[in-house]
Amino acid sequence: MTDVALLFESFGVSHQGCVRQTNEDSYLIEPRSGLWVVADGMGGHDAGEIASACIVDHLATIGIASSAPDLRARFEDRLRQAHAEIRQISAKRGVTIGSTVAALLAMDGKFAGLWLGDSRLYLVRDGSIVQVSHDHTEVQELVDRGAITPEEARRWPRRNVITRAIGVSDDITVDFRQGDIQPGDVFVLGTDGLTAHVSDEEIASAASSAGPQAACEALLAKVLERGGTDNVTIVLVRMRGASAETKPSEGGR
């Protein structure tokens with residue numbers, strides 16, 4: 001980070017859910033690099049787990065960037081390395097494997113959200129929630145075109161079909177959105193196992209009423225109480241202010 005580092009309080013949880021036998025999600029918390037990531041693997045058996053872990057392993061080498069543009073460049077470089085490795089694994093196995101990814105980058109008082117697929121990044125500010133990411137799914141494209149309503153989308157039979165992912169096509173196109181950070185902002189990253197069972201309003205309430213660890217655990221409990229039909233991964237990041245002396249804190253399990 002720069003000489004005046006934002007203070008981050010972070011926590012993450014990941015669970016296989018109530019139905020799946022394995023957990024193909026992965027997450028990464030690297031506050032000193034200004035990076036938080038969730039990834040949701042796909043491909044059957046242990047292949048999805050390999051894909052999401054590959055993304056996290058590459059991004060974990062991002063190090064300390066010299067500027068916000070450098071941080072984004074490092075992120076996209078590591079992501080393309082992961083994409084190439086996943087493609088090689090797919091070719092050797094003769095099957096298509098891949099992973100969604102949603103990431104938060106933070107540096108110099110600004111944030112950037114980057115994503116492929118339907119894992120999401122939210123910003124909770126003053127009790128209100130905004131979805132920073134925009135799902136890469138067939139159903140979202142239908143909503144965007146006005147072919148169906150958001151209410152219909154929640155029950156659409158192909159609502160989980162994604163249109164972008166790491167490792168699936170020849171190349172990747174990463175969507176990007178940025179903004180200014182304010183003290184007290186809370187960012188929530190989650191795989192679709194979270195949003196399948198918990199509403200945006202419930203996410204905002206949890207993020208606003210508790211610290212990252214308690215909020216993560218409360219949201220996970222709701223998912224499991226409601227059937228936990230998929231793997232679920234949640235990462236919360238609270239921005240506490242700015243200081244040249246106090247170090248960021250992190251946690252997870």
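Visitor: Which loop holds His 197?
Guide: This is a predicted model, where local features need pLDDT of at least 70, side-chain atom pairs count only at pLDDT 80 or more, and totals for chains, interfaces and linings use all residues. Residues are numbered from 1 along each chain as its sequence is written, and side-chain values use heavy atoms, without hydrogens and water. Helices are DSSP runs of H or I with at least four residues, strands are E runs of at least two, and both are numbered from the N terminus. His 197 sits in the loop between α5 (192-195) and α6 (200-209).

Visitor: Is His 197 buried or exposed?
Guide: Buried means under 20% relative accessible area, exposed over 50%, and partly exposed in between (1.4 Å probe, protein chains only). His 197 has a relative accessible area of 15%, so it is buried.

Visitor: Which residues does His 197 contact, leaving aside neighbours within four places in sequence?
Guide: Contact means heavy atoms within 4.5 Å. The partners of His 197 are Glu 202, Val 223, Arg 226, Gly 227, Gly 228 and Thr 229.

Visitor: What is the strand order of the open sheet?
Guide: Two strands pair if DSSP finds at least two bridges between them. The sheet has five strands with antiparallel pairing. Its edge strands, β2 (25-30) and β8 (175-180), each pair on one side only. The order is β2-β3-β4-β5-β8.

Visitor: Which residue in β3 is the bridge partner of Leu 28?
Guide: β2 and β3 (residues 35-42) pair antiparallel over six bridges. They form a hairpin with four residues between them, and Gly 34 in the turn has a positive phi of about 75°. Tyr 27 stands opposite Val 38. For Leu 28, the partner is Val 37.

Visitor: At what angle to β3 does helix α1 run?
Guide: Axes are lines fitted to C-alpha atoms, for helices over the stretch in contact, and angles run from 0 to 180 degrees between N-to-C directions. Helix α1 (residues 47-59) lies across β2, β3 and β4 (98-107). Its angle to β3 is about 160°.

Visitor: Why is Cys 216 too far from the closest cysteine sulfur for a bond?
Guide: A disulfide is a pair of cysteine sulfur atoms within 2.5 Å. The structure holds zero of them. Cys 216 is buried, with a relative accessible area of 0%. The closest cysteine sulfur, in Cys 18, is too far because the separation is 17 Å.
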